[in-house]
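Please read the following note alongside the sequence and the model.

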Amino acid sequence: MSYYKPKFQHPKLPKNALGYTVADYDGSISTLCAGCGHDSISAAIRNACFLSSIPPHRIAKLSGIGCSSKMPTYFLGRSHGFNSVHGRMPSVATGASVANRDLIYLGVSGDGDTASIGMGQFVHLIRRNVNMTYIVANNGCYGLTKGQDSATADLGSVGKYGTQNPFEGIDLASLAVLQGASFVARSFSGDKEQLEPLIRAAMAHRGFAFIDVVSPCVTFANNVGSTKSYAATRENLEAMPVDFVPMREEIRTQYKEGSTQTVTLHDGSNINLHKASKDYKADSREDALMALQAADRNGKVLTGLLYLDPTSQDLNHTLELASQPLNSMGKDELCPGSRVLKSINEGLR
């Protein structure tokens, strides 16, 4: 069955700096289960792109296989898109980013697509610091194949059919910090006030930006005993007090540690900043890992911006690649001839 959204827009819908309304960032109607956390992530991505005034045609959406990888259909219908093979989205993202650095790459994956069949490619995506935002919709189960535990399911978590998971789960946020990701965050699909600014910050970051989003599966992992249900996640959330303000002209504010400050952005919207204590440094991998491990020991889900490398240099810079997209180069530039090739080879001896 085909589903269509009405093209009519209310004439008083607010517009961003480009003159777009939030409806211009919509996609098709979702066919996921009603109440699925993935739809909340789709809405957060749509709102984040609208608030950051990113032209839809400058975004390339990439995904693999799974409920989560269906999500790009449901937002940014005017953007580029590529649905790849199971676990192989990182290869496509790497190739696309080095061929055209003018686009903003947004990868959407799941805990099965990333933490199982795609784990090897995911780690190398981090290692190379590919310039992209990578969002994992993490529900701890395989929704498309009737709810088996995934590699991120927590030890002792109870599935829909009453079986406890006997294995330790893979913590993707800790893995990303440990392997050298230059931006790592975690959030909850039901907390748009936190998730939207994190997505905006990730898309503005130069390098690999990873967001692990706990996204409850209402069909197979929302029962009593599941550690990734709505009830369990809300009960155990522990938020890091870090937020993000996108800069056009400089916005300055001063306020005391531990206090909250409301700042008006360029588009007229407000964002609430809460200053972290001196004890936590978002630019320290060691502090990020210790904070994640401490929260895990206490049965808490630590969310917010966990780590940020302000000096990050992406893969294009590391390999000294051309800034001009390859599809805009002519034959003479792409195939300069044997003389140039010979001089390049001589330089490598």
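**Note on the predicted model**

1. Strand β4 is mostly covered: seven of its seven residues are buried, where buried means under 20% relative accessible area, exposed means over 50%, and partly exposed lies in between (1.4 Å probe, protein chains only). Met132, Tyr134, Val136 and Asn138 point one way from β4, while Thr133, Ile135 and Ala137 point the other way. Strands (E, at least two residues) and helices (H or I, at least four) are DSSP runs, numbered from the N terminus.

2. This is a predicted model, in which local features need pLDDT of at least 70 and side-chain atom pairs count only at pLDDT 80 or more, whereas totals for chains, interfaces and linings use all residues. Residues are numbered from 1 along each chain as its sequence is written, and side-chain values use heavy atoms, with hydrogens and water left out.

3. The protein chain has an average pLDDT of 86, and 86% of the residues score at least 70; pLDDT is the predictor's confidence in each residue, from 0 to 100. Confidence is highest in strand β1 (residues 59-63), at a mean of 97, and lowest in strand β11 (residues 270-274), at 51. Where pLDDT is low, the predicted coordinates should not be read in detail.

4. The protein chain contains eleven helices and twelve strands. Of its 349 residues, 45% are buried.

5. Which strands form the open sheet, and in what order? Eight strands take part, in the order β2-β1-β3-β4-β8-β7-β12-β9, with mixed pairing; two strands pair if DSSP finds at least two bridges between them. At the edges stand β2 (80-83) and β9 (237-239), each with a single partner strand, so one side of each has no neighbour in the sheet. From one strand to the next, the twist averages 20°.

6. Strand β4 (residues 132-138) pairs with strand β8 (residues 208-214) in the parallel sense over seven bridges. Valine 136 stands opposite aspartate 212 in β8, and alanine 137 has valine 213 as its bridge partner in β8. Strands β3 and β4 also pair in the parallel sense, over five bridges; here glycine 107 has tyrosine 134 of β4 as its bridge partner.

7. The largest nonpolar core has 33 residues, and those with the most contacts inside it include Ile41, Ile45, Ile135 and Ile211. A nonpolar core is a set of buried Ala, Val, Leu, Ile, Met, Phe, Trp, Tyr and Cys residues joined through side-chain atoms within 4.5 Å. At least two residues of this core come from each of α1, β3 (104-110), β4, β7, α6 (192-204) and β8. Helix α1 gives the most, with seven residues.

8. Leaving aside neighbours within four places in sequence, isoleucine 41 is in contact with Met71, Ile135, Ala137, Ser189, Leu195, Val213 and Ser215; contact means heavy atoms within 4.5 Å. A second, separate core of 32 residues includes Ile126, Leu172, Leu289 and Ala291.

9. Isoleucine 29 and aspartate 39 are ten residues apart in sequence, and their C-alpha atoms are 9.9 Å apart in space.

How values were computed: Axes fitted to C-alpha atoms, helices over the stretch in contact; angles between N-to-C directions.
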